[in-house]
Amino acid sequence: MAKITLDIFRFDEAVDTIPHRDKVVVDIPETTTVLDALEYAKAEVDGSISFRRSCRSAICGSCSMNVNGVTGLACKTPCNTVMDETGTVKIDPMPNFQPMKDMVVHMDPFWDKYARLKPYLQPADKDSDHATERRVSPEDMQKLVDVANCIMCATCYALCPVVSVDPAFAGPAAIAYAYRFIEDVRDGERKERIAQISEDYLWLCAHCYACSYCPKHVNPNDRIIDVKRAAISERVMMDERGPRHALTVVKTIKQTGMLAETELIQGTVGRFNIIGLLKVAPLGLRMASKGKLPPIFLKPIPKVDEVRTIIESLEVPVA
Amino acid sequence: MSATLLPEERPLDSHKRTRSSETKRYGFFPGCVAKESCKELFNSTMLLADKLGIELIELTAASCCGASVVNDVNRDVARVLNARTYAQAEALGLDDVITICSTCTGHMRAANKELLESEERMAQANSILGKFGAKYDGNIVVRHLLWLLIDDIGLDKLKSMVVRPLNGLKVAPFYGCHIIRPESVNGWESARNPHSLEDIIEAIGGEAVDYAGKTRCCGFHIQLEKDNVAANMVGQNMRMAQDHGAEAVLTPCPLCHLALDGYQQDAAARWGRTDLPTFHLPQLVAFALGVPAEKLGLNKHLIDPRTVLVDRDLIA
């Protein structure tokens, strides 16, 4: 047994204007999960402590919260793996959400982004008489197994730095769930789905891999890349900056072997997009004043033909 | 793609002793940005290598690593491009490729992991490399200069080489996503609570500032997509750093450097002025080891870092 101090975020939107913290000392084995520690505190010390929970075994996705700065499932987090040297476990609601009561947050923005996906099958054979089942080969199903493990706990959404500054971004979970239908051979709205998620700022993912902490190993970071590739292969929103940026990177590597920064800016923003280029100009001028501008014409690397051979040997889409 | 429910991924070996680390001759992959808009990073790396008595052999015919963007177009291109780079290092008798960019580190290690873990992918790469007479035998370890400093030089040795300790300059570490995440690819240290930069800062006489932003994203990769979002990501992190007392920032990544150095001004409207100067890792280490400040390209930064050095009586 160990004396563990739970340092708990307290806030009730019905009565409080600002949050405060309560410290509750519990005498429990230090391997107790944070969720069980909270349950103990609620049962024995203060019945008003509020948090969501159901299954207690990483299946329902209810209990994601921030524990000593780390966001994840409280039921999957033993106290001794997170507590500091004083035996304190600091518990806060998930970031990127509006708190409702203690660790309970308003989940609406997260669910709204799911709802926009139409997260159910749109069968390719809508007029079917339903006499035959829709079969999927094991290989095709294999693609969907990882994403199907998503328990919608919103840990990835809470961790996403893009969501934290721009709530319009769909977020990792919704994009991974879009993938689940985009790559489902039974679905008939592949292109519409790619268009919808592209409009919800698919290309605003910052490649930061914060969502690689997914407690169910769904790895939304990899699925986001898959959806972008699908968007390019289906040629969705090809005039937007995201696809142009990706394709220009490949183009400059083919030309010079390098990522040519000057060409990349023009290729992404648009060579004839005067307003867009003017918006980039102030930073460009500040860099120029320090002698920090990338070269306008980049000399190709030695043996750049080899790079071209590689790119030509693989099926690479172009703008 | 694996179908296992809870795969416990084995991180790729990042501490392996290489022949290069014995001979102190390393393959060197500077990456695109250190050759284009952050030339001061390339120059200070070479000056630091001189001080450390190691030889960095630049892989001059190496291509871009894929920069995390090429995968958005095709999942094979970056892997085969990097296999070509590794084949060049092997042909020079080297087995260690040193990077100075977090994004290069993560993506070159990811490519190497894919090659080493799949005979099929290695065969695909070598069948293409064979068209121009190259072959990758799978002997390369990709490491960042940051890890080389700690594993091969050692913090004690580094400390003993310091001739100009930083007088307790308060430095905020900023890792850059791809040198720590995903942990299955990098694995050199904990991605959630890394401390290598802090160790370096302390070793050269600075005081490391702890703040939540140190492992967060600088927004570089979406600057051209939506510059205000990228600027806000910079502002959010630099606000945290300054609120924790930081006077300067240290990063092992030139992409983070471009973002932090370039966008604090644009983020000031929402996050308040921060104006924290950002040092490249080899710049600050080389400075502490006695390389003259004027050789380190500090005048190339948009937020001049010489001011804080003057404040701490480190330069006149």
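**Figure 1. Helices H3(B) and H5(B) in the predicted model are roughly perpendicular to each other.** The model shown in this and the following views is predicted. The axes of H3(B) and helix H5 (residues 119–129) of chain B approach to within 10 Å and cross at roughly 70 degrees. Angles of 65 to 115 degrees count as roughly perpendicular, and H3(B) and H5(B) are therefore described in that way. The crossing of H3(B) past H5(B) is right-handed. On the H3(B) side, the contact is made by B:Arg79, B:Val80, B:Ala83, B:Arg84 and B:Ala87. H5(B) contributes B:Arg121, B:Ala125, B:Ile128 and B:Leu129. Sorted by class, the contact of H3(B) with H5(B) has six nonpolar and three charged residues, and no polar ones.

**Figure 2. Helices H6(B) and H8(B) meet in a left-handed crossing.** Helix H6 covers residues 145–153 of chain B, and helix H8 covers residues 196–203 of chain B. Their axes come within 10 Å, with a crossing angle of roughly 65 degrees. From H6(B), the residues making the contact are B:Leu146, B:Leu149 and B:Ile150. From H8(B), they are B:Ser196, B:Leu197, B:Asp199 and B:Ile200. The contact of H6(B) with H8(B) has five nonpolar residues, one polar residue and one charged residue.

**Figure 3. Domain 1 and domain 2 of chain B are in contact.** The assignment divides chain B into domain 1 (19–145) and domain 2 (153–311). A distance of 24 Å separates the C-alpha centres of domain 1 of chain B and domain 2 of chain B. The contact involves 27 residues of domain 1 of chain B and 28 residues of domain 2 of chain B. On the domain 1 side, helix H2 (39–52) and helix H4 (102–117) of chain B each supply at least two residues. H2(B) gives the largest share of that side, with 10 residues. By class, the side of domain 1 of chain B that touches domain 2 of chain B has 11 nonpolar, 11 polar and five charged residues.

**Figure 4. Chain A contains 12 helices and seven strands.** The C-alpha trace of chain A spans about 70 × 70 × 40 Å along its principal axes. Of the 319 residues in chain A, 43% are buried. Among contacts in chain A with a separation of 6 or more, 66% are between residues 24 or more positions apart.

**Figure 5. Domain 2 and domain 3 of chain A have C-alpha centres 29 Å apart.** The domain assignment of chain A gives domain 1 (2–103), domain 2 (108–124 + 137–233) and domain 3 (241–313). The contact between domain 2 of chain A and domain 3 of chain A takes four residues from each. On the domain 2 side, these are three nonpolar residues and one charged residue, with no polar residues.

**Figure 6. A:Asp112 is an exposed residue of helix H2 (residues 108–115) of chain A.** A:Asp112 counts as exposed because it has 10 C-beta neighbours inside 10 Å, and the exposed class takes residues with 12 or fewer. A:Asp146 is 34 residues from A:Asp112 along the chain. The C-alpha atoms of A:Asp112 and A:Asp146 are separated by 23 Å.

**Figure 7. Chain A and chain B are in contact.** The contact takes 62 residues from chain A and 51 residues from chain B. On the chain B side, the elements that give two or more residues are helix H3 (77–91) and helix H9 (227–243) of chain B. The side of chain B that touches chain A has 26 nonpolar, 13 polar and 12 charged residues.

**Figure 8. A:Lys290 touches residues of chain B.** A:Lys290 is placed in the loop between helix H11 (274–289) and helix H12 (304–313) of chain A. With 16 other C-beta atoms within 10 Å, A:Lys290 is partly exposed. Leaving aside residues up to four places away in sequence, A:Lys290 touches B:Asn299, B:Lys300, B:His301 and B:Leu302.

Note on methods. Residues numbered from 1 in each chain as written. Chains lettered and ligands numbered in written order. Predicted model: local features only at pLDDT ≥ 70, side-chain atom pairs only at ≥ 80, totals over all residues. Contact = placed C-beta atoms within 7 Å. Helix = DSSP H or I, 4+ residues; strand = E, 2+ residues; numbered from the N terminus. Nonpolar A, V, L, I, M, F, W, Y, C, P; charged D, E, K, R; others polar. Buried ≥ 20, exposed ≤ 12 C-beta atoms within 10 Å, placed from the backbone. Domains from an automatic or database assignment. Axes fitted to C-alpha atoms, helices over the stretch in contact; angles between N-to-C directions. Parallel < 35°, antiparallel > 145°, perpendicular 65-115°, else oblique. Left-handed = near helix turned anticlockwise from the far one by under 90°.
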